[in-house]
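Dear colleague,

I am handing over the structure shown below, together with an account of what was found in it. Please read the notes with the sequence and the model at hand.

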Amino acid sequence: MSSSIIATDLVRHKEGKIARDIFVSPEVYQRELKQVFGRSWLLVGHESQIPNKYDYFVSRMGEESVIMTRDKTNKIHVFLNTCPHRGMKVCRYDQGNARVFTCPYHAWSFSVDGNKNAPPGGLVGVPHFKKAYQGGLDKSKWGLVPVAQLVNYKGSIWANWDKNAVDFETYLGDMKIYLDAVLDHRDGTPGGSEVIGGIQKWKVPSNWKFGAENFIGDLYHITSHRSVDMVSIGPSGAGRRDTIKLDDEAEKHIIRKPPPRMGSIGFPNHGHGLIGTQPHYAEPDYAASFTLTPIVEEYYKEIYHRRVENLGKQSRVLTPVGTIFPNCSFHGMQPRALFTWHPNGAQEMEMWKWYLVDADAPDEVKNVLRQYYLRYAGPAGLTEQDDMENWNYATSASSGARAGLYPYNYQMGLGFESQATDIKDAIFTASVTEQNQRLFYNRWAEFMDADSWDNLHPDASNNFHDILARSQS
Amino acid sequence: MSQSSSNQRSDAIEALLLQREIEAFYYQEAELLDERRFEEWLDMLAEDIIYFMPLRRNVKYGEHAASENTRQGLDAAWFDEGKHTLTQRVAQIATGIHWAEEPLSRVRHLVTNVQVEQRPHNTDGPMEIEAKSRFLVYRNRINDETDIFVGKRTDLLRHQDSGWVVAKRVILLDQSTLLAKNLTVFF
């Protein structure tokens, strides 16, 4: 594909240097909309947002509006939210229930179910069809544009515009076990999470990649959140969260038999990464959580015992944060949420946040979780307010002609990655590192430069082996 | 002047005095916030205050009552909290290292359209009234960063020995996607 941009020149991941252009340049941005967002698996929503047939939720894929809906057979569809006739958005609501979407401009109408001549989303109504078109319009060819691939993964809905993209589970690789840890019930049984009503959406004057790279494993930004740690908003009072052992310096409270050491785990062939534990096969000791609210603490104690029983000697992991390439991140423990960093121009993004709870948790537990999530996260969250300030001014201070000459430094831990235990194609670093940021941008550059998915298949990638071959550990 | 018109006039004067008293309360509140006297502002809030700002959604005509705003106590929101968390917000600003408000923003609260509704109240309990107002909150920070928040507040005000306090505040911000990067100001 012809372009003056050669992304692999901008992302010198082997040296730990990345050009500022990728965070500020409109030209890079225009290309990534096609090359990255046009070919990646993107989070669209959650099935619990559309529980009944014909319920819909209007979401985004990249810059563009899409409609996630459910037909009469309960099958979920995602359509581009633009009329094929003259482009008008066929739905300007955020959510609702509709069997048919009728364009406000010329009243072309589209059926969620389709009919014998039209697929789901198909064109079923055209004013003055016989008189005006006189047989010259083939309705079967002018329906709403569906995504090329769609998957419901444990309730989370993902879509891809590229029919040649690998299937979702191949795309995830072993990152799947960490997404499972986010979506599965706290008692260890598969699935069972639901979204708290209402999706927070807000605009941030920052390139979208700042969010993605922060959540892929920035354990280094302790200074950013020092003020909230001093104020202590955690569910048991102290700090921001209940005590989990992140690393020896950052966390002083250690439970008696802690989980395996947390570190950075990354998937160089896929572009995903997280902070978390490698798989372990026994539950660590019970550690009390939510001690400010005894009813919730009691509930989680019971859940702990169910988890011990349900998982037995099976593999399990813990993951507080991670990013699924390119723009979906999660909080896997406290608070618990999925979010997307939607591109909104080179120097602006729109953040969307879906807060998760176990669907069968008692209302009182859900309420305490909700209150904690809201004081931690989102634009009013005491923790995340400070993140947006950093990403805002990092973006604006990188757009200058002079600043543009100097790449960012991503050299932390470079050459000290090791092979993760019991996870396929994953690298691990126990101490604070930027390994995940490096592999994320390398994967991003591969998407930017690749002509097609033929050059992107994760199973054909040498990235993982190359990093280990260069590593000194 | 007849007895009844005299009573009417007396009621009207009472209502006017109450109106004036509540407006003065709001102006004082705005003064404290704009002058960054946050700890004194906290004293204007009841210990059991419910401070709630729902998310707003675009929904079809006829569905506004049911689903335009997220629900207090149940759904996601911009704020749904009590005095403890509000006090923590004030404490966080006072650390001097809360980067979202360090350096401090310049903030002005314009409060208008005050409508006071006297409510029947339990004679055993303190007097409570409902007061609605409109706000325009202006935030300017660093150089060119400017946000304008416009909306409506519906308050439950309670009369205590110390004077009026806010016992409940429902803030409707007139945005669905929040157009500001964060919400570091009080409403």
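**Notes on the backbone**

Gln134(A) sits in the loop that runs between helix H4 (129–133) and strand S11 (149–153) of chain A; helices (H or I, at least four residues) and strands (E, at least two) are DSSP runs, numbered from the N terminus. The phi angle of Gln134(A) is near 50 degrees, a positive value in a residue other than glycine. Most residues other than glycine have a negative phi, and most peptide bonds are trans.

This is a predicted model, in which local features need pLDDT of at least 70 and side-chain atom pairs count only at pLDDT 80 or more, while totals for chains, interfaces and linings use all residues. Residues are numbered from 1 along each chain as its sequence is written, chains are lettered from A and ligands numbered from 1 in the order in which they are written, and side-chain values use heavy atoms, with hydrogens and water left out.

One runs from Phe325(A) to Pro326(A), with omega near 0 degrees, and Pro326(A) belongs to the loop between strand S17 (321–324) and strand S18 (328–332) of chain A. Another joins Glu102(B) to Pro103(B), again with omega near 0 degrees; Pro103(B) is placed in the loop between H4 and strand S3 (106–118) of chain B.

**Chain B**

Chain B contains 4 helices and 6 strands, arranged along the sequence as α-α-β-α-β-α-β-β-β-β. Its C-alpha trace spans about 65 × 40 × 30 Å along the principal axes.

On the surface, a nonpolar patch is formed by Leu110(B), Leu136(B), Tyr138(B), Ile148(B) and Val150(B), with about 410 Å² of accessible area together. Patches of this kind join nonpolar side chains (Val, Leu, Ile, Met, Phe, Trp, Tyr) within 5 Å, from residues with over 30% relative accessible area and no salt bridge; like charges are joined within 9 Å. Accessible areas come from the Shrake-Rupley method with a 1.4 Å probe, and for residues only the protein chains shown count as cover. Strand S4 (128–141) and strand S5 (145–160) of chain B each supply at least two residues of the patch, and Ile148(B) is placed in strand S5.

**The interface**

In chain B, 38 residues are in contact (heavy atoms within 4.5 Å) with 39 residues of chain A. The area buried between the two chains (accessible area, 1.4 Å probe, lost on being put together and summed over both) is about 3200 Å², of which carbon and sulfur atoms give 53%.

There are 3 salt bridges between chain B and chain A, each a side-chain nitrogen of Lys or Arg within 4 Å of a carboxyl oxygen of Asp or Glu. In one salt bridge, the side chains of Arg370(A) and Asp80(B) meet at 2.8 Å, N to O. On the side of chain B that touches chain A, strand S2 (77–81) and helix H4 (83–93) each supply at least two residues. The largest share, 5 residues, comes from H4(B).

Yours sincerely
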